[in-house]
Amino acid sequence: MKKTVNTFQKLKDNQEKIVMLTAYDYSTAQVLDEAEIDGILVGDSLAMVALGYENTYDITVDEMAIFIKAVARGAKNSFIIADMPYMSYNVSIEQGLENASKMIKAGANAIKIEGCNEYLIKFIQRCIECGIPVLGHLGLTPQLLNTIGGYKVQGKTAKNIDMIYQNAKKLEEAGAFAIVLELMPSESAEYITANLTIPTIGIGAGAGCDGQIVVTDDIMGKFTDFAPKFVKKYTNLHDIVLESVKKYSQEVKDGEFPSQKESFELTEEEKCKLEKKQNIL
Ligand code: KIV
């Protein structure tokens, strides 16, 4: 059955964990869907993980739409959330809504935006009026990396925790259905989670959140440019793929691949005809 924003709230109310992962393509989305993952994020992390950019700034709405469409074709039941790219929702509410609607038309069920301020609160309210659910994102917000000053743990002081909490409360009041809390001490995320009605989804924010999200390529050991402390590797796809590619390469060089098993053959009759032709030549 298709998961919805209500699934997220129900899981929090029943004190069951919410499980989220990222996906950028059809076959990954299919696997996550088969594993009954609650929410799939088409994160703007794809700019770095799938496209090799240095950060998330370069991805555009139209590029995101291609990946969202692929994920939507692969995931039938998971709730699909798409990241709004950098500066695609900050210039004006009208432009933001237009871009958000492109995400929904591409197949997302909701959008995610980073940060909290008066403008964003109005933007969230307008999205909800237009039937677009919004996932908030506080703590370390990669789209604000330059003003934050790098990948730094947030919410390390009581004052800063309170500021993040106040912003979380504002997002909740504006109608966000859940909030991602990124890179903060476990106690900070636990405090914020306990004082919100809507669910929190942690990434590098400890076990006290209502749910967890990580970048799939990170936990599968496929993306190896850097490895944050909060990433647990469940397998090492990089090594597995590398090993297989080397084996394939060697077999091609040695003439072992393709074997008869992977080849197609002519019928005896056509073989004879071909041999005759060769004799004439
Ligand atoms: O872009 C992303 O993948 C994210 C995370 C929360 C994983 O924003």
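The lining of the largest pocket divides into 15 nonpolar, 5 polar and 6 charged residues. The structure is a predicted model. For the second largest pocket, the lining divides into 16 nonpolar, 3 polar and 2 charged residues.

| Pocket | Volume | Residues nearest the centre |
|---|---|---|
| Largest pocket | about 480 Å³ | S45, P142, E182, I203 and V215 |
| Second largest pocket | about 400 Å³ | G204, Q212, I213, V214 and F230 |

In the largest pocket, 26 residues form the lining. Helix 3, which covers residues 46–49, supplies at least two residues of this lining, and strand 6, covering 178–182, also supplies at least two.

The second largest pocket is lined by 21 residues. Here at least two lining residues come from strand 1 (18–22) and at least two from strand 8 (211–214). Strand 1 gives the most to this lining, with 4 residues.

N167 sits in helix 8, which runs over residues 158–174. Is N167 buried or exposed? N167 is buried, because its relative accessible area is 15% and buried means under 20%. Which residues does N167 touch, leaving aside its neighbours within four places in sequence? N167 is in contact with C116 and L138. How far apart are N167 and V231 in space? From C-alpha to C-alpha, N167 and V231 are 26 Å apart, with a separation of 64 residues in sequence.

Notes. Residues numbered from 1 in each chain as written. Predicted model: local features only at pLDDT ≥ 70, side-chain atom pairs only at ≥ 80, totals over all residues. Heavy atoms only, no water. 1 Å grid on protein atoms, 1.4 Å probe; cavity = no way out; pocket = protein on both sides within 12 Å on 5 of 7 lines; lining within 4 Å. Points joined across faces, edges and corners; volume = space filled by probe spheres on them. Nonpolar A, V, L, I, M, F, W, Y, C, P; charged D, E, K, R; others polar. Buried < 20%, exposed > 50% of the residue type's maximum accessible area, 1.4 Å probe, protein only. Contact = heavy atoms within 4.5 Å.
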